[in-house]
Each structure stands twice: as C-alpha cells, then as structure tokens.
Protein chains: 2
Amino acid sequence: MQSPSNPLSISIVGSGNVATRFCHAFKAVDVQLNQLLSFSGRGTTLSQNMGMELISKACELDPCDVVLLCVKDDVLNPEFLQQFKGDYLLCHTSGSVGMDVFPNNIRSGVFYPLQSLSASKPIDFSDIPLCLETKEPQDYDLLEHLGHKISNNIVKMDSEQRKQVHLSAVFVSNFVNHLYFIAQDLLKEQHLDFDILKPLIAEIAQKINYLSPKEAQTGPALRSDTDIINKHLKMLQGHKDYQDIYKRITESIIENHKQK
Amino acid sequence: MQSPSNPLSISIVGSGNVATRFCHAFKAVDVQLNQLLSFSGRGTTLSQNMGMELISKACELDPCDVVLLCVKDDVLNPEFLQQFKGDYLLCHTSGSVGMDVFPNNIRSGVFYPLQSLSASKPIDFSDIPLCLETKEPQDYDLLEHLGHKISNNIVKMDSEQRKQVHLSAVFVSNFVNHLYFIAQDLLKEQHLDFDILKPLIAEIAQKINYLSPKEAQTGPALRSDTDIINKHLKMLQGHKDYQDIYKRITESIIENHKQK
C-alpha cells in the first residue's frame, strides 16, 4: 500500500445530493479535491464551484488517495465497478450495498454517511456518523483518516451491520416523514395548518435524548384504550392506507409493551 | 357572566403529568392557584410545592375563574362531570373528548395543550398550541385570557377539529416514537447503539420547517426501489409486526406520491 499523500487527495463520482455535500465538506478542510466524474454531464456547475476537473469516463481518473462513488445504489454492480481500476482506494457511499459488490482485483471500501443529504441544504458533518469498512485491513487507517477530516463520529462496521443501520434509518427517516405527511393530510381536511404540530414533533424527537423510546412511549395504544382506538379507526375510514398503518402500529405497540 | 378576578384564579383537578405541568406553568405567571382536587390522594407533594389547598371532593371547590380537569379521558363522562356544579368555568384538557360530554347546566369549555407532557420534565409553554373552545361564546375571552398567560400560541377550534388534531398528533408522536423503538430494536440485533441514529432523527424533525413532508420524502419507497424493499422485507422476517408496518407504510408512500 502507498502511504497517503499530504494533503489527502480525493476524486468524486456523481453530482447529486451526496456528491455535492461531500465536495463542500472536504473543500472546507485540508483535503484536495481532484476530479469530478459525471456520466450525465450534470456536474459542470459543481466542478466549477469546487475548482475540480470535470471528466466523463472512469479511465480518465488520475491516481489519488480515495475515489468516492456517490451514485445511486442500483448502479453499483460488478460490471460498472470493473472500470475503476486505478491507483486509488475505491469506496462506495451506500448503506444497503455490501462490500462483496466490488470485484476482487480492486482496492475497495465503504464510506457511508448516516444522514439525509440534500444538494440544496448545507449541513455540518461534524457529528454525522460515517460508517466505514475496507476490504483490506491495511486500507482502513487511510479511510478513517479521511473521515476524521470532516466528522468526529467514525464508526467501523461490517456490511451486515451497515445494512441493518440502513434498514433502521428507513424507519426513523423515510417512514417518520410519511407519518408527518399523513398528519398534514388529516389536518387539511379540517382546514388546520400543519404548523400546529411542529412543537410536538420537535419534542418527540428530543425526548429520546434522555428517555429510551420504550420509556418515552405514551398514547392510546400503550394504554390499550380501545374506545379511543376505535374512534380513531372510524375517523380514518376514508383513508384505507392510513387506517391500516394506524392498526398495525397500534398492534405492534401493544405487543411490544406487554412483553416487559 | 362574572368578570374575571384579578389576578385570575384557577383550581386543578388531578395530579398527573398534565396537572403537574399546568401547576408549574401558572405558578410562574400572575395566576392564582387555589385548590388541587385529587381523588387518589397522590396530590400531597404537588399541592405542597405549589402552595395549594389539597381537597378530595368536587363539592369542596371554592368559586374561582376556571377549574381545569386534568384527568384521564375515560373518566370524563356526564355522571362524573355532574358533581362539578359551582361558580367557575369547568374545562377539560383532552384532545379526544367533545364539548358535548358536559351536562347542559354546567358552564364549560376545553383547554387542550397540544404537547407531550411529563410530570418529571419541565417544559416551556410559550410556543405550545393551546386549543380552546367554550360552550358559551361569552366565556371564550376568559379562557383565551388564561391561555395567553402561558402561551403565545392560542388556537380556537371546535370539537371536530380538535379530535382531528388529536388523531394527527397520535401519528407524529406515539407512532413516530414507536418507529424509533423498532429502529433501536433492530440495531440491538447487530450490537449497534441507538445513538448512531440521533443526528438523522434530529435532521428529519427539523427538515419539515423548510420543506413540506411531501417535498422532504426520500428513500426506497419513494423511488419504488423494489430490490431494496424486498431485501428489507427479508431482513424483517423474524419480526412479523415490523415487516407488516414496513409494507403498509411503503405502499402508502408509493400510493400518495404517484398522485402528484
């Protein structure tokens, strides 16, 4: 293994949310941003803003310490990855794709940021967990070194663990957000503004910092208050999907809290 | 109607989470706390801390501006309420119980705080929505006056609206908290700490302050990524209830986002 350059140098593949946020984060610290590889041609603005060379083919990648693949999960397959044979550590940034996706002959790793990233919204990486893994143990220090440049929250984990983290993240981010959507939709029917729920939403998200989710649970399901539960199910008659979700979560709360 | 006393004087019925938080909130402003009525005898410490007279029967309540019933929903029935005939405005504090629960001959209203309250956790009421309603229009000003003593977020609404708010609140508080519980449980199986999800949880709760829940939605369900969805469902095989919840919410996300 080569020793890392000083400063560390990286190239980025992709120009979406994850690529944009990583570019900004690494530009703000002493990491050299080399090249931006964009297959779609959408990377012009980003590469210009970052002072990176824009390229469109993997074979144009120069040697560097790490190449971060910030592409959609379904792009990550051995055929796609086979073209990245070069003098760098190739890392994907996906929670749900295992290390085993990489062809054997490629120095590879995973650099998965556990956060919801938007191209349009600046974010502070310092407490964002970076879940790291490398195929070869001797590459791990390099990846950790890179991670520490932007975050204090480095977590070494294997692919099985990372997939479970990703699944858990779907529950607390995508699914939680959909419950917000349902609430907003229900309020609209009574001409009420979603803003009324925001103090409650903030409190529930904060509460788990000093109580476990089990201790923090309240509500009709926890009390098995069938009178209220039945009233709610009746109110949801016009929304079969919301009613189903209400039923399933209520049953699950009852089930999990009686097992104390 | 009597004009309100100066300062306003109130009595509280109950000694649980809601009673405790209201006592603390009103004690901190210029509202006189008269009597604490506790049927269970659990109110001793609270009444002493608040300098309130502890009583155990409704007939012992002295005249005052407002009596706040901070009792469990299932206690609120006409037989129970009938004993509160006195020189005060009698208000319950429940989201799910209508105004019509009060006997006709009683001056009555609703004073519903839209927040998750714990006896053990101090809370700032200033931005907490207080959802107010009175049977007689001429009583409304008094209740609003009382509400403004502790909150800047007074919302007048009728019983139908309040019930819908309560139902929506179940989705964004009790159900969201259960999704946190599920995530923690899944992480445990891979010996991972729930703390790893906290930055993500905080971000999702904040995101809705500048994006609507519909705009903020991301994830495999939104992309109809059946490959990941099927992998996740397989990972949840050992938890029939979590798997069911995953399926239902995923279907609902797909359904609601294709209707654009």
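Leu179(B) is buried, with a relative accessible area of 0%. The model in which this residue sits is a predicted one. Leu179(B) belongs to helix α5 of chain B, which runs over residues 159–189. Leaving aside residues up to four places away in sequence, Leu179(B) touches Phe171(A), Val172(A), Phe175(A), Val176(A), Leu179(A) and Ile249(A) in chain A, and Ile245(B) and Ile249(B) in chain B. Along the chain, Leu179(B) and Leu143(B) are 36 residues apart, and their C-alpha atoms are separated by 36 Å.

The size of an interface is often given as the accessible area lost when the parts come together. For chain A and chain B this buried area is about 8100 Å², and 68% of it lies on carbon and sulfur atoms.

Polar contacts also cross between the chains. With both residues at pLDDT 80 or more, 34 residue pairs are in polar contact across the interface of chain A and chain B.

Ser116(B) lies in the loop of chain B between β6 (108–113) and β7 (130–134). Is Ser116(B) buried or exposed? Its relative accessible area is 11%, so Ser116(B) counts as buried, the limit being under 20%. The side chain of Ser116(B) is in polar contact with the side chain of Lys207(A), at 2.4 Å. Apart from residues up to four places away in sequence, Ser116(B) touches Leu200(A), Glu203(A), Ile204(A), Lys207(A) and Ile123(B).

Charged pairs are the next topic. Side chains of opposite charge can pair when their charged atoms come close. Over all chains, the structure holds 20 salt bridges. Across the interface of chain A and chain B there are 4 salt bridges. In one salt bridge between the chains, Arg248(B) pairs with Asp244(A), and the closest N and O atoms are 2.6 Å apart. Asp244(A) and Arg248(B) are also linked with Lys240(A) in a network of salt bridges.

Another salt bridge joins the side chains of Glu203(B) and Lys121(A), at 2.8 Å from N to O. This pair crosses between chains: Glu203(B) is in helix α6 (residues 198–207) of chain B, and Lys121(A) is in the loop between β6 (108–113) and β7 (130–134) of chain A. Glu203(B) is buried, at 7% relative accessibility, whereas Lys121(A) is partly exposed, at 22%.

Salt bridges also form within a chain. In chain B, the side chains of Arg107(B) and Asp139(B) meet at 3.0 Å, N to O. Arg107(B) is in the loop between β5 (89–92) and β6 of chain B, while Asp139(B) is in helix α4 (residues 137–150), and the pair links parts of the chain 32 residues apart. Both Arg107(B) and Asp139(B) are buried.

In chain A, the side chains of Asp30(A) and Lys149(A) form a salt bridge at 3.3 Å, N to O. These two residues are 119 residues apart, with Asp30(A) in the loop between α1 (17–27) and β2 (31–37) of chain A and Lys149(A) in helix α4 (residues 137–150) of chain A. Asp30(A) is partly exposed, at 45% relative accessibility. Lys149(A) is partly exposed as well, with a relative accessible area of 24%.

Finally, chain A as a whole. Chain A has 9 helices and 8 strands. Taken along the principal axes, its C-alpha atoms fill a box of roughly 65 × 40 × 35 Å. Of the 260 residues in chain A, 59% are buried. Among contacts in chain A between residues at least 6 apart in sequence, 54% join residues at least 24 apart. Chain A exposes about 10900 Å², and carbon and sulfur atoms supply 47% of that area.

Conventions. Residues are numbered from 1 along each chain as its sequence is written. Chains are lettered from A and ligands numbered from 1 in the order in which they are written. This is a predicted model: local features need pLDDT of at least 70, side-chain atom pairs count only at pLDDT 80 or more; totals for chains, interfaces and linings use all residues. Side-chain values use heavy atoms; hydrogens and water are left out. Helices (H or I, at least four residues) and strands (E, at least two) are DSSP runs, numbered from the N terminus. Buried means under 20% relative accessible area, exposed over 50%, partly exposed in between (1.4 Å probe, protein chains only). A polar contact is a pair of N or O atoms within 3.5 Å; within protein, one must be able to donate a hydrogen and the other to accept it, and residues adjacent in sequence count only if both atoms are side-chain atoms. Contact means heavy atoms within 4.5 Å. Buried area is the accessible area (1.4 Å probe) that two parts lose on being put together, summed over both. Accessible areas come from the Shrake-Rupley method with a 1.4 Å probe; for residues, only the protein chains shown count as cover.
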